[in-house]
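Colleague: I'd like to learn how to read strands, helices and chain contacts in a model. Could you walk me through an example?

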Amino acid sequence: MSGSTEELRRGFEQDLAQIENLDAWKRIRDRWLARESGIITGQMKRLRELPKEERPAFGQSMNLLREFVEDRLGTTRAVMEREALEKSRRHIDVTRPGFPYALGTLHPITRLRQEIELIFVSLGFTVFDLPEVEQDYYNFEALNMPKNHPARDAQDTFYFDENLLLRTHCSSVQVHAMQSMKPPIRAVSTGKVYRRDPSDATHSPMFHQVDVLVVDEGITMGDLKGMLEVFLKRVFHPDIRMRLRPGFFPFVEPGAEVDISCIFCFGAGCRICKESGWIEILGAGMVHPKVLRMSGVDDTRYSGFAWGMGIDRVAILKHGVDDIRLFFENDVRFLKQF
Amino acid sequence: MKISIEWLRDYVDLPGDIAQLRQDLTMAGLVVASVEQANGAPVLEIEVTANRPDCLSYLGVAREIAALYRGHLRAIPLAKALRRDGERIPYSIEIHDPDLCPRYVGLLLDGIRVGPSPDWLQKRLQASGMRPVNNVVDITNYVLLEVGHPLHAFDFDRLRQGRIVVARARQGQRMVTLDGVERVLDGEMLLINDGGGPVAIAGIMGGRDSEINGATDKVLLECAYFTPASIRRTSKKLGLSTEASYRFERGADWNGPTTAIARACYLIRRLARGRIAGNCRDVYPSPIAPVEIELSGQRTESLLGVRLAPEFIESTLKRLYFKPVRKGKGRWLVQCPSHRADMELEADLIEEIARFHGYQHIPPTLPPGRVAGKLSASFAYESAVRNILIGLGYHETVNLSFAGDADIRRFPLREGGAPLEIRNPLTEDTQYLRGSLAPGLLRNARHNFNHDVRQLRIFEIGKVFCRDTEGAIVERNALGILGTGGFAGKNWLHTAGEYEFFHLKGVVTTLLSGLRCAGAEVTPASQIPWLSDSRRSALLVDGKCLGVLGALHPSLEEELKLKQPVFLAEIDLQSLCGHLFAPARYRPLPRFPAVERDLSVLVPMEISYGTLREGILARGIPELASIDLMDVYEGEQIPAGKAGITVRLTFLDREGTLTVDRVQSFSDNIRAFLQEEYGAAFR
């Protein structure tokens, strides 16, 4: 008996395989499931002709067969409907380019400024917005650069009058921070600075800086090195090496020039680092006791460190830009690369 | 400072490997920028920082090298005596202003044969970048380079009355210097005078009239110590910087003059046959006391973050010619050598110890945090503006903050401010600080047009400056936006269309809504001279004008040779930022459907859409949720003098479903109003 159910099942599958359209599907459905004349109905009618003891098994196998037929017909119908809907759609070439939405770009200097400010905030620094037109006092005097100080030579300055000038660095953050906060102080400021240098490939009368100040009890030169290392590794690369060597800035003592291992040759020596393996990147040092005192910080109790770095220079190094003027010409073919 | 290795070996033993010397000097603070060859021998280019004038000489550099390698400094040959019994030619030196000239040393030699210097001396001067002149002048230069102290040689026969008088100049006094330039002096400048008048500007340059020449027989050597600030002031004021002034203004060694003059005397006697005719005069009314600084070993350790043996501290200082005297455990009173003009405070000594300990041997540490970080107020709104504009396809630019006359003329300041003028500008077209971002953005447009980029969307956030009516300097954060050129792309999807006023307006209004700016509206504007009369608007926030936008005036478009319409917006970001980021309050979502009704009307041309819209809103129908302009018809199908517009009115009742009758009554109300008020006809 079961052999006969198996035969029926095979017969149904042969029918199913031949269905090509909805008409054929209906024909097959009626052939197997029609209430009066369907094959399965016909088989069920044979039930009474069977010996009593065979009836339950036969009935059960016929019910299973009916479920199987209904299920397979249903699936086949769903697939046919899906295909029919799809046929109304035109085929497209999905390899063509997508819609040209225009996306602008952040200026590379801004991107770097934001990156730097966020690094410092994560290290507990307060970011200061400071004026570009600054008083001589904040730019020079309070940073231990009195009038007639030779170090002023290195920073040829634009003046508006005796007292007002275009800031030559962001180091004024040191004075502003010490005037507005009590130690412990962690302050940073980024922005435009100005020096009276004519434009050429490596000079611009306007460029950008980031300046940093930390003042607290027991701040050491080791702390300066540690914080610098964290900062430089985040800005450049975790594998960067750095070195400090003596340098002179009137507002720090001891003062240091800071070099990083060349990011082009990894210290092996190349044209960019003049075969030295090192690139000079910033000036740093322990805050000069006079600078602390002038801003009302007790230099016998507190010490601190400060550093200043050119942002444009970092952008030049990171992106391999060969002319600082490109940053201010705003050629979109340049801007779009960032 | 150019240091020839051949010459340097006279004073100190050097390592065989010049690269090693270069490295060691650099790490000790004397940066060797380059090594070049001159006359077949290496010459170091050393960058001497402003605090180390003592290293502006061969002996100074040799001193550092000897300290670095624990080596020995060789003495230089000096004249044994600077006086003879029975002075043959009397002369005098008087210092009237010892505050500016604490010390003046003179020596008179005669029987001089002026002529060229020997070859070796000429070569050494040349290797260090100096031009040989004659043996006397060359010797003064040689000694300057060797010991670092400037000297001057006068032709004694040209000095009137055999007198030297060091005194401040008279206001307006004039003299001609060696370079042939007549200098006008002021009352704070120090002069070297003879019995008749000025013969040199002290510490800077000698006068023409007493210059050494081929016929000179007697030479008066001058070697003095001048007050640094005075020399610097005079040098700055006269715009005259010399090898001498460079050293004096940074601080020479007040004990240097006797050595320098003895060295010069030694060389002149050998190379120019001179003899002492007038004894050395050392006029030094109040000798300068050596600088003494207290040093604490504990303070040194705590500032550097390293442990240091007291013996190391002491031996380092001694190698550098300091004299530390123990004042108890780990404390010293340190006497500084007179050549170290940079010594003032304990920190200066600590730097010396750090230099010789080696910065590289200080272990990096991190200080305890103790404070929380905080972004600046501008970070949030500036980032938001940037992100939105970038999303809308605009590229950020950064322009130089300078402006020229033409910029000021074309883009006059609003609110009656005056342009901020730089007293010492670099060039004429950068003599002001910008009062507007527009000129910079237009320069960018021109630059890009010149490179065939004519579809441009750019913006800038930056400071603009002016003087207000009281003359005070105003510095404000501003936003400028520029759009120009169509949308047509070289793309199979055929984006197209011209950039026009409504694109810029859309950028501004989208930006404002993205910034959650409350109370902003864009309204027609009257006087903005650089914007086209027919296409300009003002941005009002709470009734206050915080910006303008529109098409660049056609006359400027022509003047700047732009050859296409350019649209500009400028917004006072600093004032705007107080109106941004309005707090968000949740409002329940409507539970009932909204109903839309389109209204097509013909109205007289002079009635603006804004007027219609305001009029409809003023009907005060609470169920009117929004009005949208759907279409505008102008031209042939419309009667002359009329404009056809279609607005979509959306009605919504938050409390219940709107019935057709109620919607109809709202719509009728509005229609009747438009008809009565504006003579509108309906289509």
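This is a predicted model: local features need pLDDT of at least 70, side-chain atom pairs count only at pLDDT 80 or more; totals for chains, interfaces and linings use all residues.

Colleague: Which residue of strand 10 of chain B is the bridge partner of Val166(B)?

Modeller: That is Ile192(B). Strand 7 (residues 163–168) of chain B and strand 10 of chain B are antiparallel too, with 4 bridges. As for side chains, Leu190(B) and Ile192(B) point one way from strand 10, Leu191(B) and Asn193(B) point the other way, and all are buried.

Colleague: Now helices. What describes a packed pair?

Modeller: Two packed helices are described by the angle between their axes and the distance between those axes. Here, helix 10 (residues 310–319) and helix 11 (residues 346–357) of chain B pack at about 100 degrees, with axes 10 Å apart. The pair is therefore roughly perpendicular. Ile313(B), Thr316(B) and Leu317(B) of helix 10 meet Glu352(B), Ile353(B) and Phe356(B) of helix 11, a contact with 4 nonpolar, 1 polar and 1 charged residues.

Colleague: And between chains, how many residues does the contact take from chain B and from chain A?

Modeller: It takes 79 from chain B and 75 from chain A. On the chain B side, helix 12 (residues 377–391) gives the most, with 8 residues. That side divides into 37 nonpolar, 27 polar and 15 charged residues.

How values were computed:
Residues are numbered from 1 along each chain as its sequence is written. Chains are lettered from A and ligands numbered from 1 in the order in which they are written. Axes are lines fitted to C-alpha atoms, for helices over the stretch in contact, and angles run from 0 to 180 degrees between N-to-C directions. Helices (H or I, at least four residues) and strands (E, at least two) are DSSP runs, numbered from the N terminus. Angles under 35 degrees count as roughly parallel, over 145 as roughly antiparallel, 65 to 115 as roughly perpendicular and the rest as oblique. Two residues are in contact if their C-beta atoms, placed from the backbone, lie within 7 Å. Ala, Val, Leu, Ile, Met, Phe, Trp, Tyr, Cys and Pro count as nonpolar, Asp, Glu, Lys and Arg as charged, and the others, Gly among them, as polar. A residue is buried if 20 or more other C-beta atoms lie within 10 Å of its own, exposed if 12 or fewer, and partly exposed in between; C-beta atoms are placed from the backbone. Two strands pair if DSSP finds at least two bridges between them.
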